[in-house]
Amino acid sequence: MTGEALIHAVRDGVMQPEADLYLAPVRHHSPACAMAVQKMIREIRPVKVLIEAPHDLEHLIPHLLDPGTVPPVAAASLLDCKVGPRLAAYYPFCAHSPEWIALQEGAKIGAELHFIDLGSGVKIASGNQKETGPQPLVWERAFDQGDYVRALCQRLGCQDGYELWDHLFETRIGDSDWRGFLADVGAYCTALRASTSLEEIESSGDIEREAHMAACLRDAMGAGPVVVVIGGFHTAPLLDPAKTAGKIRAGGQTAAQSYLIRYGYKELDALMGYGAGLPQPAYYEALWSHAQAEGGAPDWQVIARDLTQGFAKEMRKAGHGISVPAQIELLRSAETLARLRNRPGALRHDLVDALTSTLVKGETSGADAWTERFVTFLRGHALGEVSDTAGQPPIVTDAYTQARALRFDVSDGLRRERTLDIRRKPAHLAASRFAHAMILLGTDFAMRTSGPDFLNSVQTGLLFEHWDYAWSPRVEGQLIESAVFGDTVPAACLGHLARARAALSADGRSDDLAELLALLKQGLLAGLGADLSGFLSEIESALRQSGSFPETAQAVCTLHAIEASRGPLSLPEGLDVKGLMQAAFQRLIYLCDDLPKMRKETIQPCLDALRILSELLSGPAADSFETALFDEALDRVTEADPLPELMGAVTAIAVEGGRKPGSTLSAMLSSQFNGSAPDVTARLGGLRGMLAVAPTLLWTGDGVLAVVDEFLNGLTEEAFLALLPDLRLALSALSPREADSVANALVRRHGGSAAEFTAHHHDVSEEDARRGAALDAALRASIRTDGLESWIPLQRTGAE
Amino acid sequence: MDVASAQKLPAERRYADELARLKAEDRGPKPAGWRLSPRAVRRFILGDSTLEISHKFYGDDPLVDRCIVSLMGQQGLMLVGEPGTAKSLLSELLAAAISGDSLLVVQGSAGVIEDHLRYGWNYALLLAEGPSERALVPSPVLNAMQNGKIARIEELTRCAPEVQDAMISLLSEKTIAMPELGAGREVRAARGFNVIATANLRDLGVNEMSSALKRRFNFETVSPIADAAFEKELIAKQVAERMADYDIEAEMPADVLDVVVSVFRDLRTGRAEDGAVIAQPKSVMSTAEAVNVAHAALLDAGYLAEEPPTGAHIARQLRGVVFKDDEEDARKLRAYVDTIARVRGRKNRAWAAFHKAAKSDER
């Protein structure tokens, strides 16, 4: 049977009292369908209610029925894959979903409730969907495409398939003839199916799903009336379940795990990327609640007025007031449009059209501010609630409870801002730690917009943190994906850290101290505190194996900074960072003995490390470490005849620390300068080393500048030019201010003024210079002939 | 006026038969002063095959609904949008269907003074008799008010701001005072009166509209047609309608029509069908201009060259009809010919002819 005959067969066959089979073809999240289903179940009083949803989600039905569960909620289904990422899919319910109503009404009359679709695992895995994301509970072929929809739109003057649906079906919400209504939905969807190619139906896996559903129907029939809530597309194949099912058996194992999560209207909006249902759920919710209040067809004028007033109120709060005449004109336009279009009252499109007419002054474009605001208003931002007893993964409950306890407003899905006074208010610090933990878990809950960045040591002195946060179904989904790591937020955080460390090992970077310490900082910011001690021992073992002097030096500095920190990084009781820091220091001392063996290519990082170490040990951390050990180690380096650079560096440190007389340095430099190294540049090594760790010694050190000056003066022009590049490189360690100090010291030594030492660059060719001189002479002669000699400044000669 | 030889008739005369049929069939409720019910107005503009009513305004049906609804209310209707998007046509059709009279028009320009919106005087009579009703010359707007009809104001933003301001009281009070005829003399608008204004907000050199005036209008934006296939069909139909008045047999081959549609769409949107970015000229690349070009090309081919129309005729007309002495626009067209048209010409004869003629035209 095809074409018109099939459509008639569907129209006549959805209600089969003789077989006790009552089909309810629906569109997902349609309030009119939900209302019809409600009336149907109340009248038929079936013994079984079958719903098109993955059968493995059936264990969630008691939780869905729990009074503590408030829609919108979704069943989240997770499938672990052998290869590739964990796949997740969400099956949302809202208060005006026919499936939700079928569950509620079925439970009220004590009917058996069953989900009859193939397992969610099959659907997730078979979907072309490589990314995780929401999946419709009832799979719908787009109601918005195809010749049939287009032709009908044209005939009825509708803009698109959504308006067409509203015009044809939502206008009939509360219709007492629910039989006629559902038969029409079935017929309409069958017509849509008829304009879809067979290949497309087959490739979507519908045939298998319909066979499975038919098998469920077949098994359920015979014990009294059965109501079946299904997507309208599947009506025709289910008219005769036994025939469609054949020998297929229903049920089966599933590999997917499923939970119940809160869901939001933003995610439910069909135009926001979610593949089925209707757009702008808050509008349809208004429709539903008015119809429910009336117990039948709603008063459309009241709906339009309530929505307009609600919108105006929200806009006034946001600072975009709408004048009363404009509101009246908006309502008048919407009502008149609806009448012109043959409707009982203003529908969504009429309201949007009226708004465009009334409020938009000027040319409209795709992204007009008022239309956008109105659409956002009609979308709403409600967020559901899942009962405490529901099989929600504990981590979601934990995070939600904590968020509420820490006074994050998570009552809806709106994005909010919060400022945290992390240094003075312990409660704020706790909130900050929670937000950091949520970041560590890879959720989109919060984002730090400004404030101290301890991870990268930027502006660590700031007092306040500013956050942007919102609780959304996405956050719950991400939490559920983290649930494998632990049942609470801190446990999952530790799991994340362990995984990050494992990933480092897999990369062959298990001893990457900088990365490990960054992870430690993340853990501290997330407030993991004493729980990190296991992680500390891992860092310690990495430290014990560390062979890199610069990395270890950096680790000592970082650990000292953490240890000394009194802010959010400050250490909890029982976390032995001090011990770790000492271990790092000891390792460093040990590694000092490797320094003399360093090759020239690797010396620069070591010099830098020596510089930060000497700054640390002579400054804030002098009391934290046994500096004598470091001094002794350096002395050993001196004795081991290291590279001239190292020699210069360690001597400079010793002199700067007052452990050796200033003359040691000048003597060392002098011996290097006057040595017999054939390569003149090699004689600069000591100077380079000194400049790298303690540049100020160049002009403050005892006799240092004199030695350098004498050495340079004694060079031949040729040797000086050969040396110049290396000399400039070595002196580049000086900051401009330090360079000025050196210049001043040299001026004191040689007399004269600093300006004379300033080099002037002129790109003057010989020819230009000659012409300039000639011109100068001619000018002078001319001035002289005019008797203006006194005007000419004296030509300066020499040092005058 | 001799009807047979007039170049263009007003809509209510052009479509007199259709209006008569609609009126005969019209059972719907009519707002006061309207000749047709709102639904019949809609059918008149958007067509109805059962009554053989032609489809006259294309591309945005909800817009027509909104316009009709606006005119039923207290607010005036302001049609805005780029030139050549059939704003004036829509305004004419609405006036013809609602009032049966689309001739109550004020053409906005810098020369328009307040009198053009209110009333003027027959100065000979004024001097002879003093101010009297006989000496008063009503404006189209006053006429519309007295008779409860739709007044049309074209290009409102081209009028000076003080003239625009005269519209404010007119629209909010719906009355014109005539102090010269005695205290308290005024004309109150009969029911059915409203104003349709058109404006081009983007054009440089137009006067800014005051927010007080904006508040008294419902704005509707008329956009260029979005659907390419539909635009093509429309151009073909309109060209055929125009050619019916000439005594030559000329039909636009489909591939040549494709060239016209693509050139205009590409240059209007700044993007070719394959996504290539195209420099947009300042000239108006509207559907109406495309019809002009296609029409002119047919005349060129039929009368002058006496050969079937090809892409070459399109190329020759394009410059004259669209690119009116703007150096920069000519450069952009040249770039389009050198890149897009050249590549397409390798596979398609109409494009090849277009490319060749456009190149030789440059020299």
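**Close-up views of a predicted model**

View 1. Helices (H or I, at least four residues) and strands (E, at least two) are DSSP runs, numbered from the N terminus. This is a predicted model, in which local features need pLDDT of at least 70 and side-chain atom pairs count only at pLDDT 80 or more, while totals for chains, interfaces and linings use all residues. Residues are numbered from 1 along each chain as its sequence is written, and chains are lettered from A and ligands numbered from 1 in the order in which they are written.

**View 2. α23(A) is largely enclosed by the rest of the structure, because 10 of its 13 residues are buried.** A buried residue has 20 or more other C-beta atoms within 10 Å of its own, an exposed one 12 or fewer, and a partly exposed one a number in between, with C-beta atoms placed from the backbone. Among the buried residues are Leu513(A), Lys521(A) and Gly523(A). Their cover includes α20 (426–440), α22 (489–506), α24 (533–545) and α25 (549–564) of chain A. Just after α23(A), Gly527(A) has a positive phi of about 75 degrees.

**View 3. Ala32(B) lies in the loop between α2 (16–25) and α3 of chain B.** Ala32(B) counts as exposed because it has 9 C-beta neighbours inside 10 Å.

Notes:
Contact = placed C-beta atoms within 7 Å.
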